[in-house]
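Hi,

Here is the structure for your review. My notes follow below.

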There are 4 protein chains.
Amino acid sequence: MTTQRRSSSNTSRRNEASRRAILTAAFELIQEVGYAKLSIEGIAARAGVGKQTIYRWWPSKGAVLFDAFLLMLGGEQPPGGEAALPDTGDLEADLKTVLRATVEELNDPRYDEPMRALNTEITHDPALAALYAERLDGPMREMKKRRLRSAQRAGQLAEDLDLDVAVEMVWGPLLNRWLQRSGALTPEYADSIVETALNGLRPRH
Amino acid sequence: MTTQRRSSSNTSRRNEASRRAILTAAFELIQEVGYAKLSIEGIAARAGVGKQTIYRWWPSKGAVLFDAFLLMLGGEQPPGGEAALPDTGDLEADLKTVLRATVEELNDPRYDEPMRALNTEITHDPALAALYAERLDGPMREMKKRRLRSAQRAGQLAEDLDLDVAVEMVWGPLLNRWLQRSGALTPEYADSIVETALNGLRPRH
Amino acid sequence: MTTQRRSSSNTSRRNEASRRAILTAAFELIQEVGYAKLSIEGIAARAGVGKQTIYRWWPSKGAVLFDAFLLMLGGEQPPGGEAALPDTGDLEADLKTVLRATVEELNDPRYDEPMRALNTEITHDPALAALYAERLDGPMREMKKRRLRSAQRAGQLAEDLDLDVAVEMVWGPLLNRWLQRSGALTPEYADSIVETALNGLRPRH
Amino acid sequence: MTTQRRSSSNTSRRNEASRRAILTAAFELIQEVGYAKLSIEGIAARAGVGKQTIYRWWPSKGAVLFDAFLLMLGGEQPPGGEAALPDTGDLEADLKTVLRATVEELNDPRYDEPMRALNTEITHDPALAALYAERLDGPMREMKKRRLRSAQRAGQLAEDLDLDVAVEMVWGPLLNRWLQRSGALTPEYADSIVETALNGLRPRH
DNA sequence: GCTTAACCGAGACGGTACGTCTAGTCTTTTA
DNA sequence: TAAAAGACTAGACGTACCGTCTCGGTTAAGC
């Protein structure tokens, strides 16, 4: 994985141009040919790189995919680090805005295949899942929790609410429908998830 | 797919023993060697069957996997058809019972790999997803909705609640955490999902 | 090796067209690119054949080369089986004729590289050497010995002469000069070998 | 090639220790792993040397092998330069002594593989063959011819004998049998070659 | 009951990709 | 500035599977 390489002294003789070419090629190829036909050989050929250069630096196809994601999402700065969800004071509206954006992204053919591929690799590779949790999902979740915490302090969320559960309550149904293709991802669906999650299934007297 | 074959006249000369051997072999193999190393050739060898017999009756590895699931889950009767979720009158308790059972199943190593594999195939193959929706997910979802409808009629759920959304609100977070390996699946987690889903994120006055 | 396949029942499902394409491709390629650059991959590509088809039927590159030779030399009938060296009664003249023909063949660029390659494989692979001795060198040597025996009976050769040694005395120097490139192979050289071998190094009173 | 380096001034900044380590490693490796698995990479690793150091000073694997031979045979003095074949006055006995020694050397597993490898390289590389002729085979042949010339002057060999042909007549059969593995190399075989070569194939009335 | 066509196990086939190894070049660091 | 170290592009190695295609053998259908 690329992670430990970023020491200040940078004693590694790794070729940065090759690294970027590989990750770019991987990202493009998976859009074009799909997950099933994505091959290390294809990536190397497209990147103009020897296969060994991939095997030298990444332990698996999933790891390449993961780094490709890191590169695409926000270049070098950690995702969600400084960024923040909108906070207008109206939690429901803000969440709807965010979920509608997510819906749009998941419907974007440029990101659909790559994200499905990454999810597939994660589900079958615990090591990759840990890395994903640390470097991608973690920061995003923190960002989401910050917004919820703000609402909680304002009295808009239950005091004893577990924010991790809350995050999963809002985003889980959406991702699940997308992964399992169990229904269309529409803005209306996003809205109804937010409303139902906030109000609960029970009648509010 | 095996589906349309089961007509009453059964004019097909298909070898039922081979069919079962293939599906059993597929299910066992994926537990033993994992999704990445599951091969048609391996299935055929383990089942003592020619490769062509697989290619003749199934269009893809995912389709074999799907039928293997159908065979394992409840033998021949359609899943969720007659079955019902527990209905003691106490919705919260019943849902907790069911979700705890789901948690246990997802933690069972005998089902973990096969289910991940099936999800992977579904996410990358819309045709398989449609079949899954019709034959597996559909009946299960109907069963869940029946229980929720019963509660709704009893005034325990909001009158205008979209039951499809409700189902996803309860089961979505769980499946998502499992697929993405974003946290441990514990009975307590199941409980807190049920509570949070029922009550919503907002404070209840 | 191809050898045992030629049973009368021919129960093998081997593809004869592929076999010939492979051997032809091997023979042509070694002329064109030389021994060092001859690759199984190249042979398979040129023959329009999967690599596995080569690995399935031949244990080594040398074995392919060997069969290629068998195919080129006289198609299907065993070399030297019925054939005979010229026998005009004049042993010296006959041997000169034969050695001059050998010189010409060794100087022919169509056979030079392939024969060097085969010799290389033989020198490094005893199993192949045994096969060579049995199927190629053996029959040829027998043919040569028949001619010498005829001369011996006619009193033109020493009675107690070991014909195997005699054969090597005539052909060995030639082949050695060719393999080690220690001198030009000319008709005159062929003649002088024959003369010297027949008369010996010692003065004949 | 190392050849031109041996000027008296030795202005080269070449590292002599590396040179010897490379040649020693090459010689040892070819005994241990055989010709087919001998690689530049392996030699460099065994010698504790960068690959470039080999590519800088030798044009081919064969050239390394050749120099390795030069180093092993007699250290630094040119082989056969001052040395001489035994000359007791009895040519036949002397030749038998020498050929028996050659047989022993060719049967020595320490030299078998390396010598076969060198022969292979020579047969496929005319440039190397020329170098071999000049630096190794040439001096040896000269030494052999000196002994034959001595016998010729003593009237033990035909006056008009071409000594180059004579040398090949004696050593060619032996080397050929060894390279082609067409028979066992025994002392008796050495003897019979000498006798047959000296007396010729014809009956000596 | 006899044919005949589909199904079956088996496995060869042309291919693609795997992950490893080496070739030969190039760059960086050390002495 | 030679040498060690080793990354780089390139491509062959031998293996594993892919999906297609025969090949005989064996059923079961329909004549």
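How many residues does the contact take from chain C and from chain D? The contact takes 42 residues from chain C and 42 residues from chain D. Two residues count as in contact if their C-beta atoms, placed from the backbone, lie within 7 Å.

Ground rules. This is a predicted model: local features need pLDDT of at least 70, side-chain atom pairs count only at pLDDT 80 or more, and totals for chains, interfaces and linings use all residues. Residues are numbered from 1 along each chain as its sequence is written, while chains are lettered from A and ligands numbered from 1 in the order in which they are written.

The C side of the C/D contact. H6 (109-124), H7 (126-153), H8 (163-180) and H9 (187-199) of chain C each supply at least two residues to the side that touches chain D. Helices here are DSSP runs (H or I, at least four residues), numbered from the N terminus. H8(C) gives the largest share, eleven residues. By type, this side of chain C has 20 nonpolar, 14 polar and eight charged residues. Ala, Val, Leu, Ile, Met, Phe, Trp, Tyr, Cys and Pro count as nonpolar, Asp, Glu, Lys and Arg as charged, and the others, Gly among them, as polar.

Best wishes
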